[in-house]
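Subject: Structure handover

Hello,

Here is the structure I said I would pass on. My notes on what was found follow below it.

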Amino acid sequence: MATILDGRKLAEEIKADVRKEVETLNKIGVDVGLALLLVGENPASVQYFRATLSACKKAGVTAYEFVLPATVTLNEILNLVNKINTDERIHGLLVLMPLPRHMNPRRITNHIVPEKDIDGLGAISVGRLAADESTFQLFKKGTTDSDQQSRFIPSIWSFLPCTPFGVIRLLEHHKVQIRGRHAVIIGKSLAVGKPLSSMFLAKEATVTVCHRETANLTAMTKQADILCSATGRAGLIKAGMVKKGAVVVDIGINVLKNGSITGDVDFKSVSKKASMITPVPGGVGPVTIAMLLENTVRSAQRDELFKSPLILMG
Ligand SMILES: NC(=O)c1ccc[n+]([C@@H]2O[C@H](COP(=O)([O-])OP(=O)(O)OC[C@H]3O[C@@H](n4cnc5c(N)ncnc54)[C@H](OP(=O)(O)O)[C@@H]3O)[C@@H](O)[C@H]2O)c1
């Protein structure tokens with residue numbers, strides 16, 4: 001039976017650290033603010049919105065709620081993003097996806113200033129990750145404390161998408177070796193599959209990305225030392241598609257007719273073959289929200305650091 005990669009436990013640890021860092025900022029008069037923008041009433045978005053609000057409250061982060069009807073125009077949203085971009089109380093903006101069909105989500109995510117793009121989906125954040133210029137480098141390089149610190153300051157102008165970042169954190173927390181291993185990702189979305197592939201590459205894995213047009217999915221998945229599925233297709237990954245001893249990360253969230261939540265992986269059969277596996281719920285999902293809070297507090301810390309003339313001179 002595979003070891004369970006428990007996301008809830010890790011998320012609690014990350015959130016407890018965030019809370020301490022928020023308290024430190026509070027002591028110098030800084031309130032950490034996260035704006036949440038919900039357009040329409042997509043049930044998954046509403047659920048994520050509520051879960052994020054509750055997490056903010058527990059971490060001491062002030063949530064600024066912007067709830068708009070699905071009939072709102074793109075210009076109205078862009079004007080609101082402009083206001084959030086210049087509001088000094090707000091350190092990060094999360095736009096709940098999916099947006100109503102008539103709206104191009106790229107227009108909105110690209111409008112968020114990179115410094116507040118705490119879900120890392122704007123073109124500049126995406127480009128910085130692809131160019132190895134993101135905060136991710138903090139975790140990749142730097143062998144001494146001072147080296148890490150020196151990398152931290154200039155590299156924090158953009159953030160990593162929370163879900164794939166959470167996957168990496170979950171693997172590292174459980175001491176899964178990434179370097180030199182073959183990571184196979186199913187799904188190539190901008191929010192999950194694609195940035196996850198960049199992160200695995202930055203961690204020096206060999207990476208294969210699969211999607212709907214992949215000719216022989218099983219031939220690919222069977223090669224994986226680390227198999228990550230982000231498709232939204234319940235039961236897509238069966239035991240016969242998994243190499244014995246593989247680490248299996250299930251990112252998918254699927255709501256079944258009876259209201260229960262399941263991932264992309266047939267947990268019962270795959271857990272007998274894998275060495276490690278994430279459950280759904282309780283795997284990647286909770287870590288995603290924790291990463292969102294961590295990115296927000298990093299944004300607030302950066303703002304404070306750069307207010308100090310001493311830091312700027314240094
Ligand atoms: N745990 C979390 O915190 C979290 C966060 C975000 C998303 N999610 C979940 O993760 C899943 C993916 O989200 P997303 O935003 O990336 O979705 P998405 O934009 O719909 O992308 C799905 C990807 O899966 C691929 N795909 C779909 N069916 C496939 C199949 N039968 N064989 C191979 N590839 C297939 C698609 O291929 P094509 O590109 O060829 O169409 C696409 O690249 C969803 O279930 C979502 O709810 C979870």
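A salt bridge here is a side-chain nitrogen of Lys or Arg within 4 Å of a carboxyl oxygen of Asp or Glu. The model is a predicted one. With that rule in hand, E204 and R179 form a salt bridge, their closest N and O atoms being 3.0 Å apart. E204 sits in the loop between helix 9 (193-202) and strand 6 (206-210), and R179 in the loop between helix 8 (162-173) and strand 5 (182-186), so the pair ties together parts that are 25 residues apart in sequence. E204 is partly exposed at 38% relative accessible area, while R179 is exposed at 55%. E204 also has a phi near 65°, a positive value in a residue other than glycine.

K175 has a positive phi too, near 55°, and is likewise a residue other than glycine. K175 is placed in the loop between helix 8 and strand 5 and is exposed, with a relative accessible area of 76%.

Other salt bridges

By this rule the count comes to 10 salt bridges. One of them joins the side chains of R298 and E21, at 2.8 Å from N to O. This pair links distant parts of the chain: R298 belongs to helix 12 (residues 284-305) and E21 to helix 1 (residues 7-27), and the two are 277 residues apart. R298 is buried, with a relative accessible area of 17%; E21 is partly exposed, at 21%.

The side chains of D87 and R89 also meet in a salt bridge, at 2.7 Å from N to O. D87 is buried at 19% relative accessible area, whereas R89 counts as partly exposed at 48%.

D117 lies in the loop between helix 4 (105-109) and helix 5 (123-130). Leaving aside neighbours within four places in sequence, D117 is in contact with I112, G122, S125 and F159.

Domains and ligand

The protein chain is divided into domain 1 (30-113) and domain 2 (162-285). Their C-alpha centres lie 28 Å apart.

Which residues come nearest to the ligand? There are 19 residues around the ligand, and K188, S189, R212, I253 and T288 come nearest. A polar backbone atom of I253 is 2.9 Å from an oxygen atom of the ligand. A backbone N or O atom of G232 lies 3.4 Å from an oxygen atom of the ligand, and a backbone N or O atom of I251 lies 3.4 Å from a nitrogen atom of the ligand.

Cis peptide bonds

M97 and P98 are joined by a cis peptide bond, with omega at about 0°. P98 is in the loop between strand 4 (92-95) and helix 4. V280 and P281 are also joined by a cis peptide bond, again with omega at about 0°. P281 lies in the loop between strand 11 (276-277) and helix 12.

Regards

Technical notes: Residues are numbered from 1 along each chain as its sequence is written. This is a predicted model: local features need pLDDT of at least 70, side-chain atom pairs count only at pLDDT 80 or more; totals for chains, interfaces and linings use all residues. Side-chain values use heavy atoms; hydrogens and water are left out. Helices (H or I, at least four residues) and strands (E, at least two) are DSSP runs, numbered from the N terminus. Contact means heavy atoms within 4.5 Å. Domain bounds come from an automatic or database domain assignment. A residue is near a molecule or strand if one of its heavy atoms lies within 4 Å of it. A polar contact is a pair of N or O atoms within 3.5 Å; within protein, one must be able to donate a hydrogen and the other to accept it, and residues adjacent in sequence count only if both atoms are side-chain atoms. Buried means under 20% relative accessible area, exposed over 50%, partly exposed in between (1.4 Å probe, protein chains only).
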